Amino acid sequence: MCRSAAVSDPPLILGAGPAGSMAAITLARAGASPILIDRDAKVGDALCGGFLSWRSAERLRGIGLNLPDIGAHPVNRLALYAGAAEAQANLPETGYGLSRRGLDTAMRALAVASGAELQIDRIRSLSPGAAEGERQDWRSDSIFLAAGKHDVRGYSRPRQSDDPALGLRIRIPAQAGLGELLAGKIELHLFPGGYAGIVCQDDGSANICLALRKSMLAGAGGDPRMLLDRLADEHPHFGRRMAFAVPDLPIDSIGAVPYGWIAQRTEPGLFRLGDQAAVIPSLAGEGMSIALTSGAMAAKFWLEGGSSAAEHYQRALASAARRPVGVAKLIWETAESNRLGPPLVKLAGLAPWLTNLAMRASRIGA
Ligand SMILES: Cc1cc2nc3c(=O)[nH]c(=O)nc-3n(C[C@H](O)[C@H](O)[C@H](O)COP(=O)(O)OP(=O)(O)OC[C@H]3O[C@@H](n4cnc5c(N)ncnc54)[C@H](O)[C@@H]3O)c2cc1C
């Protein structure tokens, strides 16, 4: 393809996930004419637990997107499992189960309807004021980096763990018995070395998403299917859900998720959003809320101060993310520990108020 150098004054948003689309909607509605760039012309189904917290739902309602209207499955309870221990607690407010395809499609459409220009290009690398795409080079003094789980060359997030977390996801199609088992709840199954989150989605399928240490996969010979079978054998509650899986369902994976990382600084004109700004351990179910909050917040700072507001924005977001990310990290490290998972679930059963407190403390404000 012929490369052309395009000079673009409007803000450039790299990535049309929840963070990028939220920024695009907010900017476009204020008349800023943003350009929203995504590598995929057809919205995919990003690897994600698919649980939207009440805080995410509130943010989306604020831009006119009512989750039940797009088929989201209401969730009112958290069910926890570790070994033989089991506990349930009511969510502080209603959350939802929704496929990422459903959410991202609705948000992209809203961004375009609000006046954002959608462009399809895969950004290969980034430098101050410029993004090199596969189709063309993009320039702007205001770049919103919202590429989520995928780092862009030049701006990789640090990976410090010897045994990094990785994500796996399998979707079990809707069937009799499965929907009844999961109705109205988000389940977290804790294992030594990780967890699985299970929630029903808009099409009635069960989204089973795991975050596990890489060593667990290595222990299963690097074979995700063998690892899932092993977990199903060793953990009866999880096994009962996996028994609905039909053979050869695809398993998606993502490596080295930098849980707990928060961008403390940025450079002039670069607004880091969503997972490119803060990565909350996913068992909190708050990543999309942070993405939405960061998109709206960055747009607001830009509208008030232009490209020079980037540093102020980044510090404000880091400060808002500190408590929820810290709380979620503490819970994740306790939950995945060999000895502490089952006592944690027992404690949650004895003191639901404590579970409620933890759920509230791991939400982002602002
Ligand atoms: C195992 C796991 C389970 C999770 N479960 C939950 C959950 O249940 N609830 C929750 O709230 N959060 C959950 N999360 C976190 C959540 O998925 C993320 O926090 C959220 O997706 C971040 O949104 P984002 O917009 O920053 O990035 P993404 O959702 O990753 O979107 C990024 C967008 O950028 C595009 N893109 C990427 N690279 C490029 C490029 N080079 N050029 C152009 N476009 C590009 C992609 O196509 C995509 O559209 C989970 C995360 C993991 C790892």
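Leaving aside neighbours within four places in sequence, Ser99 is in contact with Asp45, Gln201 and Asp202, where contact means heavy atoms within 4.5 Å. This is a predicted model, in which local features need pLDDT of at least 70, side-chain atom pairs count only at pLDDT 80 or more, and totals for chains, interfaces and linings use all residues. Residues are numbered from 1 along each chain as its sequence is written, and side-chain values use heavy atoms, with hydrogens and water left out.

**Ser99**

- Ser99 is found in the loop between β6 (85-97) and α3; helices (H or I, at least four residues) and strands (E, at least two) are DSSP runs, numbered from the N terminus.
- With a relative accessible area of 8%, Ser99 is buried, a term that means under 20% relative accessible area (1.4 Å probe, protein chains only).
- The side chain of Ser99 reaches the backbone nitrogen of Gly102 at 3.0 Å.

**The ligand and its shell**

- The ligand has 33 residues around it, of which Asp38, Gly49, Phe51, Arg100 and Asp275 come nearest; a residue counts here if one of its heavy atoms lies within 4 Å.
- A polar side-chain atom of Arg39 lies 3.1 Å from an oxygen atom of the ligand.
- A polar backbone atom of Phe51 is 2.7 Å from a nitrogen atom of the ligand.
- For Gly287, a backbone N or O atom lies 3.3 Å from an oxygen atom of the ligand.
- On its own the ligand has 1,000 Å² of accessible area, and the protein covers 94% of this; such areas come from the Shrake-Rupley method with a 1.4 Å probe.
- Two or more residues of the shell come from each of α1, β15 (206-213) and α8, and α8 gives the most, with three residues.

**The nonpolar cores**

- The largest nonpolar core has 54 residues, and those with the most contacts inside it are Leu60, Leu67, Met107, Phe144 and Leu273; a nonpolar core is a set of buried Ala, Val, Leu, Ile, Met, Phe, Trp, Tyr and Cys residues joined through side-chain atoms within 4.5 Å.
- At least two residues of this core come from each of α1 (18-29), α2 (54-62), α3 (100-114), α8 (287-305) and α9 (310-335).
- The helix that gives the most to this core is α8, with nine residues.
- Beyond its neighbours within four places in sequence, Met107 is in contact with residues including Pro18, Ile25, Leu60 and Leu292.
- A second, separate core has 27 residues, among them Phe51, Val75, Ala211 and Val345.

Terms used. Buried < 20%, exposed > 50% of the residue type's maximum accessible area, 1.4 Å probe, protein only. Polar contact = N/O pair within 3.5 Å; in protein donor to acceptor, adjacent residues only side chain to side chain.
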